[in-house]
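Here's one to look at with a few questions in hand. Take a look at the sequence and the fold, then work through the answers below.

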Amino acid sequence: MRFPFITEYRDDLRLLRYRSDWWSYGALLAVLLVLPAVLGRFYLGEVAFIFVLAIAAVGLMTLTGFTGLVSLGHGAFLGVGAYAHALLMANGVPFVVALPAAGVATAAIGVAVGFPTLRLSGLYLAIATLAFSVIVEHVLGHWRSLTGGFLGLTVQRPDLFGWSLAGRTEFYYLCLAVLAGVVLAARNLLRSETGRAFIALRDSETAAAAFGVNVAWYKTLAFAVSAGVTGIAGGLYAHKLGHITPEAFGLFTSLELVLMVVVGGLGSLRGAVLGAIFVGALPQVIAFFRDVLPKGFLPTTGLELTLYGGILVLFLLFEPDGLNGRWLKIKALFQTFPLYRRRTFQRTKTYMRSERYR
Amino acid sequence: MIGLAVRGLSVSFGGVRALRDVSFAVAPGEILSIVGPNGAGKTTVFNLVSRLFDADAGTITAGDRDITYLARHEIAAVGIARTFQNLELFDHASVLDNLLLARHAHRQSTVVAQILRLPSAMRAEVEHRLRAEQVIERFELERFRSATVANLPYGARKLVEFARALCLEPKLLLLDEPAAGLNPEERADLAFRIADVRDELGTTIVLVEHDMGLVGEVSDRVLVLNDGQLLAEGTPDVIRRDPAVIAAYLGAAT
Amino acid sequence: MDPWTTLAQLIVNGLAAGCVYGLVALGFALVYKATEVVNFAQGDLLMVAAFAGWTLIEVAGLPYAVAFPVTVLLLAVLGFGLDRVVVRPILGRPQFATIMLTIGIAFAMRGVVSMTWGPQARTFETPFSRKNTPFFDVVLSDVSLSIIAATAVLSALLFAFFRWSWLGIAMQSASQNQMAAYLMGIPVKAVTSLTWALSASVAACAGLLLAPIALVDIALWLVILKAFAAAVLGGFGSIPGAIVGGLLIGLVEQFVGVYLLQEAKGIAGYVVLLAVLLVWPRGLFGGGERKRV
């Protein structure tokens, strides 16, 4: 383990606290910046798609991982963002305005969902958001005059002050920039007063209120922030798809998003990104093996779902901290080699604690 | 530092009268202990003062402010902090973050300033850290600073909860069974810390406690509740000899 | 058709659909009471049962009367196994973890079914298929009637089971107070696993009853959403509430579709669900207590 040598309180507030962090994050950024030069067009599109998923996952992580509010309906927020963005652009609003506006519109919907469900927690919130997801998909499909129904809506090509962003490389950089901005903003928010209030609500609502956290306000704020970020992801997703239909934002998408944050590791932004990589890359990995292995060796349907489900179950049973937890352990193994002990990360034993009375 | 005055407090839950017409006052800078058998309504008094639920009748005044109808999150801004008998810590956050959250009532920056890390947000953050570090030093919690609360031993968690309450810079501190589950050494430490907080910071302290030894050691005055009613009031020595109190504790009919 | 015939048919159709919702809701009420785990895979158990029933009838050629109990038994074993292998180790973790665990199980089951049977929908023959029973002026389909009758019988059996059998009483006591039940000599772990088995067999019954009207298809799992509406309306964890809630949701859907707005039929149940959660979270039969600090 390393300890930073701190001489001022401000040292504690730095984004990158170790010299090695500068190197590793710098290297990561460099790799991401030169990636378009090396990667083929198809895979570049897929990586950009993972960035979009990661933005949405950061949005959901803020709500579920940090504030402890379960949402099984974030696919609907993604949809609201996508449709809002597509409709704004169809009505001549320039891209730079439309994308944040879509985020704000989705945040408003988030408030509309979050405020009435303040009293609900855990299970009931999960079910309510699930119902919300189904209702939104249904409304998108049936409000033909606005959304084009199940035929969908064609999305205008994005451009920035007349410079087209529709090409693969341009779109890749666009998604990368938005993701970096969102992660940075979320990181700053979550390690300041507001973020601590979120975490307090997650761990003990009673104590949070006793220390002055306005429960209703912060829960609604968490919903707004989370929905807003997911809405921005929705706007980018709309461009990625080119033509949006309600099915793209249904129950399955909602569950995929939850899968990302759980497999990634609740309560960590790195986890959100890792989870998005997992969910976004798995179909490509399967496709790769389908090409390599003899024909008919892999079943044509269902394999993806089985792996998603199986991996989710295995993580919950054996690594509840998700990919992020695994990452931290591997890092510790190298840093303390050869002194790493499994016990370092041993969890305290948990006992059945009723949540019926929350 | 503020006093607390409770007048004619009554509350019942589903037909059970938890408190019946309870009145008492705590002077600024005083240490008052509330004792009584289980189910006497001691914690209920705390829950009413911290506004977790509404009283059926009566008023609660902190300093010169009527807090009977405040929302539960407005209590912290009045300067009242509390601990919980079954620990309500933020388990999956570090000790430092637990202490920093207690500074919530003193927050000064806006959401936008926090996202952009504007100088105002940074100044507030440094100020909070300074205060939290002072409490960490006072309670000798340095080695736990960045540990996750859930992984700490019970005694340490109790101490963190006390420290967290102190981070609010309270004018009135409510401690709900701070000695429960502590070993003798930790208990002696606790007695010292309670007296120390009052003597150095002047904080008014109300204590709910079963450990009569600790109560006798630290309190200026003791209040005995039995069955939701005020049974006796006085200095620890007087209370220890009061026949009604002895009867209530030993279960003899009076 | 005259309005009364329409009304009668709506009621029967609504009740039939409602019975299925009620049975699924009853399935997770059982498990929820016992372990506080909400089984998001309940709909998938139903779906697996429908596919198993199809295989036994159409591939193995078993008669319906044999295939039905065999399927129920298979699902009981599956439910028992799920509790033993997957769910047991996670008890005691936050509720969210258990929700995600059952969602993971649901994904995996859906994937395995899709890999085994492929994506196409199918159907199997039952003694009730394509038959009707005239009832005064109204012609009622036998399939609907079979669902209603079977649900009534099943409810009566479950009532008797919980009222008079040792195991039923043991299940109830284990769900009310695990520690006390354990100290009274009830093998709580085994009883919990058996509760899962019972819950899965109820889902199996629902699946086999539903299959003739809904096709044997992966999408069958979606019935769980309606069952959530039923469970919330009836009061989560209440067994009579599950059935009553299911019947109400079934009826509401039919009536909204015909008398209010055709487009709203599909989501009427969810609107009711949200309304109940927001206005009256305890539902019809639910209890409520507050957390102690």
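**Between and within the chains**

The count between chain C and chain A is 0 salt bridges. Keep in mind that this is a predicted model.

Q: How many residues does chain C bring to its contact with chain A?
A: The area buried between the two chains is about 4600 Å², and carbon and sulfur atoms give 74% of that. On the chain A side, 50 residues take part. From chain C, the number is 53 residues.

Q: At what angle do helix α6 of chain A and helix α11 of chain C pack?
A: We're looking at residues 122–142 of chain A and residues 265–279 of chain C. The axes of these helices sit 9 Å apart, and the crossing angle is about 145°.

Q: Is the crossing of α6(A) and α11(C) left-handed or right-handed?
A: Among the residues meeting here are A:Ile127 and A:Val134 from α6(A), plus C:Tyr270 and C:Leu274 from α11(C). By class, this contact has 12 nonpolar, 2 polar and no charged residues. As for the hand of the α6(A) and α11(C) crossing, it's left-handed.

How values were computed:
Residues are numbered from 1 along each chain as its sequence is written. Chains are lettered from A and ligands numbered from 1 in the order in which they are written. This is a predicted model: local features need pLDDT of at least 70, side-chain atom pairs count only at pLDDT 80 or more; totals for chains, interfaces and linings use all residues. Side-chain values use heavy atoms; hydrogens and water are left out. Axes are lines fitted to C-alpha atoms, for helices over the stretch in contact, and angles run from 0 to 180 degrees between N-to-C directions. Helices (H or I, at least four residues) and strands (E, at least two) are DSSP runs, numbered from the N terminus. A crossing is left-handed if the near helix is turned anticlockwise from the far one by less than a right angle, and right-handed if clockwise. Contact means heavy atoms within 4.5 Å. Ala, Val, Leu, Ile, Met, Phe, Trp, Tyr, Cys and Pro count as nonpolar, Asp, Glu, Lys and Arg as charged, and the others, Gly among them, as polar. Buried area is the accessible area (1.4 Å probe) that two parts lose on being put together, summed over both. A salt bridge is a side-chain nitrogen of Lys or Arg within 4 Å of a carboxyl oxygen of Asp or Glu.
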